[in-house]
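Reader: Could you take me on a close look at one part of this model? I would enjoy a connected walk through a helix and its surroundings.

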Amino acid sequence: MIIQHLQERRLKIEGRIGFAYESFGAAYTGMRDDIGRKVAIKIVALHSMTEDEVDDLRQEAYVLRLLDHEFIIGPAEYFVKSSLLYCVTNLMDLGSVRRILNLPDYSHGIPENTIAAIVKQLAEALEYVHTCGIVHRGIRCSHILCSSTGQIKLGGFRYAIHLKEGNDWMEEGKLNKTYTYTPKLTSQHYWCAPEILNQDLNGYDYKSDIYSVGISICEMANGIIPFADMDNRLQILFEKHRGIAPLVLDCTSVNPDVSPADTVFCKKRFSKYLHILAKSCLSQDQRERPTATQVKRHEFVKEFLGRRLSKKVSFQNNWPLAKPLMPALQAPDVEVFDEVIERGELHADTDLAPEIAPWLF
């Protein structure tokens with residue numbers, strides 16, 4: 001059944017490469033026969049999700065239809081058949097930055113010039129997103145996808161929100177902040193800015209994304225997710241409210257006598273500009289954080305990419321041990337989906353997943 005659905009759209013699955021949407025679905029490499037191009041195909045079982053979770057996917061589909069930028073994943077093609085959502089996007093052959101950091105050889109961080117290349121492109125993507133009036137709210141390494149040629153694409157837009165949402169009671173000229181907090185942000189707590197977690201009347205704006213950029217910089221430099229040793233949201237909020245911020249770990253920021261477990265980082269030395277950029281992005285006062293444009297033009301980026309920001313960095317050369325995504329030879333969950341459909345447990349006319357709209361715009 002799934003194979004038939006894809007063939008109707010000139011698509012063919014090659015093999016599975018991982019999970020999608022918090023494990024509600026699976027991701028595959030595939031081929032679009034009409035243009036001979038490799039693509040990523042995500043298949044999500046909507047019947048296993050709540051209506052709110054399905055709404056989050058609709059939101060992502062809607063936002064991606066509004067955006068068109070070289071460093072943003074999409075525009076994606078969405079279609080629904082037999083309660084299965086299919087999402088077809090560009091294939092980034094190295095997967096996410098988090099996938100690279102999970103490899104044993106990069107578990108303590110990636111090269112600094114690669115961080116600079118990623119930060120520059122990420123900042124350009126956010127610069128565009130922010131001019132569209134959107135706060136991403138989902139910046140993290142698992143949402144930054146890479147190709148071996150040195151290009152990134154930003155995903156994770158199911159967390160995004162337009163500044164006008166939920167602010168109907170405000171005057172038009174004051175729509176520069178939002179006050180919305182939703183349960184779906186629970187999985188984003190490590191990267192969330194303190195003003196989002198506070199859930200107070202001060203609200204938050206685009207600068208909350210810059211805080212998440214700072215967390216992601218530390219994640220790329222250190223290989224570990226800051227605050228990941230804290231499972232309690234209140235503990236994370238308390239530490240962030242106190243102004244506790246992670247550091248880029250190297251011989252200038254780690255004292256092996258105080259932190260023996262961090263001695264591995266004493267063998268590294270990052271540029272002073274990386275430390276400065278991370279610190280400014282992680283400022284507790286959002287007004288003191290740089291804009292996306294300022295991040296793109298920061299001295300750290302210029303140090304590695306040149307004053308004109310034009311130097312290219314090949315991820316494949318910098319990550320020689322990071323092989324392109326290799327799909328599994330078999331995709332057993334495709335057969336499982338098909339069996340469920342054949343038993344009549346999924347139907348195309350389910351209320352959660354109508355065949356037409358709101359997925360197609």
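Author: Gladly! A residue counts as buried under 20% relative accessible area, as exposed over 50%, and as partly exposed in between. This is a predicted model, and on that scale Q199, at 43% relative accessibility, is partly exposed. Q199 sits in the loop that links α5 (194-198) to α6 (207-222). Its backbone deserves a glance too: Q199 has a positive phi of about 55°, although it is not a glycine. Most residues other than glycine have a negative phi.

Of its 16 residues, 16 are buried, so α6 is largely enclosed by the rest of the structure. After α6 comes G223, with a positive phi near 85°.

S83 is in the loop between β4 (77-81) and β5 (84-90). With a relative accessible area of 3%, S83 is buried.

The largest nonpolar core has 85 residues, and I110 and W319 have the most contacts inside it. Helix α4 (residues 112-131) gives this core its largest share, 10 residues. Leaving aside residues up to four places away in sequence, W319 touches L94, I100, Y106, I110, P111, T114, I118 and C146. There is also a second, separate core of 14 residues, including L6, Y28, I43 and V88.

Definitions and conventions:
Residues numbered from 1 in each chain as written. Predicted model: local features only at pLDDT ≥ 70, side-chain atom pairs only at ≥ 80, totals over all residues. Heavy atoms only, no water. Helix = DSSP H or I, 4+ residues; strand = E, 2+ residues; numbered from the N terminus. Buried < 20%, exposed > 50% of the residue type's maximum accessible area, 1.4 Å probe, protein only. Core = buried A, V, L, I, M, F, W, Y, C linked by side-chain atoms within 4.5 Å. Contact = heavy atoms within 4.5 Å.
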